[in-house]
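Q: I'd like to learn how to read the features of a model like this one. Can you take me through them, one at a time?

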Amino acid sequence: MLQCDAASLYGVAEALKREFGFTFLLDITAVDNLYRPRAGGARFDLVYLFRHRDFVRTLALKVPALHEAVRSIVALYSSADWAEREVFDQYGVRFEGHPNLKRILNHLEFVGHPLRKDYEITKGQYCTQTQDMMDEMAPLLASKGLEAERDGLMILNLGPSHPASHGTIRTLAALDGEKIIAGASEIGYLHRGFEKSCENHTYNQIIPYTDRLNYCSAIMNNIAFARTVEGMLGVTLPDRGVFIRVIIAELSRVIDHLVCLAAGLLDMGAQTNYWYLFNPRNDAYDFLSRLTGARLTNSYMRVGGMTHDLHDGWKAELEAVLQKIDKGISETLIMTERNRIFQDRLQDISPVSAEQAVDFGFTGPNLRASGVAYDLRAAKPYDFYESFDFDVVVGSVGDTFDRLMVRFEEMLQSMRIIRQAVKRMPGGPVSIPDHRIVLPPKPAVYGTIEGVMNQFKLIYEGVKVPAGEYYGAYEAANGELGFYIVSDGSGTPYKVKVRPPSFVHMAAYPKMIEGYQVADAILTLGSLNIIAGEMDR
């Protein structure tokens, strides 16, 4: 981790990008030092996470914020726009030179900054007024030499209460007829304070909260969080546990893509194809329900393992699910892949070049659709992914068509991985044997005082994680899902920051729809696969 002072921040960030090749800004967050030693008296430490253009090396830059104000780096990285707004909203750190520094998750009447350690968490603050968002729209139009009333533009709200908004997302659009001249998006309607809740729960108690991030592939959130904590503990699961995680994660990726593609096709009126994809997704949920006891929010993982092993008959059930998914994909592609209406509605709509995608901070299918072959499973392999035979799927244009078609192919690749993992599934335990981390077996709990004490201390105090700071990244269905965790050595994290792919993708959406029609904007949003739960947190 590098460190510089606030005065040097912009120069250091510029050098990292121009001279050292750290062209990708992953995230920006802050740490409130109120309850821990503060070097030089800085109340906050800003943390900037960069990735090198080789997509392998990651760099953290720490900046003590002495006066709660630093220079914005939006001019260097477009992805810093919403990231800086979030830090301002949650911590009150100001970014001088930011084009529109305003709250993003909390409403405009909100008083205080909820991720500060001295914020009263039981304090309820209600919103009584709506915002017209013209403070964002007017400057956008002015930059184009336009004014809404003078130029006869219609100001229209797309969402938040509309099925085509794919979640509670509001986009204000300035229209010239059906053409979108400018757009601005508002989020935060689902904001539930995930990161604040993490500061008041043990590591394992947080896992059910991760289910509610991207609820279309909930287990992947479980795994990403558990793996980050395991990285801090320096432990690795037994091989069988790792293989189970791979199988369930790839099945979750398929489910997530099925939802995205089915909803996207429905948005353009292709209801028959919706059922071809949505019905096998229901079969996959039946499998997860038998395995975990829940269909949507599974809470199957634990730090150091998982709740239990696979159930009897799982192989045949899983293969039956995969065959149904195979058939649904095949039937859908027959009806759409060479369909002129499908192509005309999607091709050359809202294209994002490879350079733009990196500047926006895109990851996952949306980045690969723009021709950038970055996939954590291949670039920085984990969980034996280097031993599986699969292809990283890339597009060429980065338009709405590519973003959807990449997901079709990725489902086939995920099923390749699943079938390989099933054939190679080893025996043995699924969790580590260290009972300082994993709960003791039930016979020991029911039959010995040591087992009872072990269980009680783990449940009540939580897993003790060594003090330090750690960023763990995982290739989730929508892109890089990261957790930046600060531990003070106790069983409860001092801080947890989520790097959610949907938040980054949504920030670029208003720019992507400029110059296209309203109907195009709906399909573009569907192709980005925004999941409001992880975006708002």
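A: Happy to, and we'll begin with a charge and a ring: Arg537 sits over the face of Phe503, 5.3 Å from the ring centre. Keep in mind that this is a predicted model.

Q: Which residue lies over the face of Tyr10?

A: That's Arg71, at 3.6 Å from the ring centre.

Q: On to rings with rings. How is a pair of aromatic rings described?

A: You take the distance of the centres and the angle of the planes. This structure holds 19 aromatic pairs. Take Tyr48 and Phe50: their ring centres are 6.4 Å apart and the planes are at 10°, so they make a stacked pair. Tyr48 and Phe50 are both buried.

Q: Which residues form an aromatic cluster?

A: One such cluster is made up of Phe243, Tyr382, Phe384, Tyr385, Phe388, Phe390 and Tyr474.

Q: Now the core. How many residues does the largest nonpolar core have?

A: It has 131 residues, and the ones with the most contacts inside it are Ile247, Leu251, Phe287, Leu318, Phe362, Phe483 and Met506. Helix H7, residues 239–267, gives this core its largest share, 16 residues. There's another core apart from it, with 31 residues, including Leu9, Leu25, Leu59 and Phe95.

Q: What is Leu251 in contact with, leaving aside its neighbours within four places in sequence?

A: Its partners are Ala284, Phe287, Leu288, Leu318, Val321, Ile325 and Ile418. Three of those names come back when you look at helix H9: Leu318, Val321 and Ile325 are among its buried residues.

Q: How many residues does helix H9 have, and what does it reach from its first C-alpha to its last?

A: H9 runs over residues 314–336, has 23 residues and reaches 33 Å, close to the 33 Å expected at 1.5 Å a residue. Its buried residues also include Trp314, Gly328 and Thr336. The cover over the buried residues of H9 includes H7, helix H8 (271–292), helix H10 (340–346) and helix H14 (400–423).

Q: Let's do cysteines. What is a disulfide, and how many does the structure hold?

A: In general, a disulfide is a covalent bond between the sulfur atoms of two cysteines. Here the count is zero. For Cys260, the closest cysteine sulfur is in Cys216, 9.1 Å away, and that is too far for a bond. Cys260 is buried, at 2% relative accessibility, and Cys4 is buried too, with a relative accessible area of 11%.

Q: What about backbone angles: which residue has a positive phi of about 50° although it is not a glycine?

A: That's Ser350, in the loop between H10 and helix H11 (354–360). At 1% relative accessibility, Ser350 is buried. Asn529 is another residue other than glycine with a positive phi, near 55°. You'll find Asn529 in the loop between helix H18 (518–528) and helix H19 (532–536), and it counts as buried at 5% relative accessibility.

How values were computed: Residues numbered from 1 in each chain as written. Predicted model: local features only at pLDDT ≥ 70, side-chain atom pairs only at ≥ 80, totals over all residues. Heavy atoms only, no water. Core = buried A, V, L, I, M, F, W, Y, C linked by side-chain atoms within 4.5 Å. Buried < 20%, exposed > 50% of the residue type's maximum accessible area, 1.4 Å probe, protein only. Helix = DSSP H or I, 4+ residues; strand = E, 2+ residues; numbered from the N terminus. Contact = heavy atoms within 4.5 Å. Phe/Tyr/Trp six-rings, centres within 6.5 Å; stacked < 30°, edge-to-face > 60°. Lys NZ or Arg CZ within 6 Å of the ring centre and 35° of its normal. Expected span 1.5 Å × (residues − 1). Disulfide = S-S within 2.5 Å.
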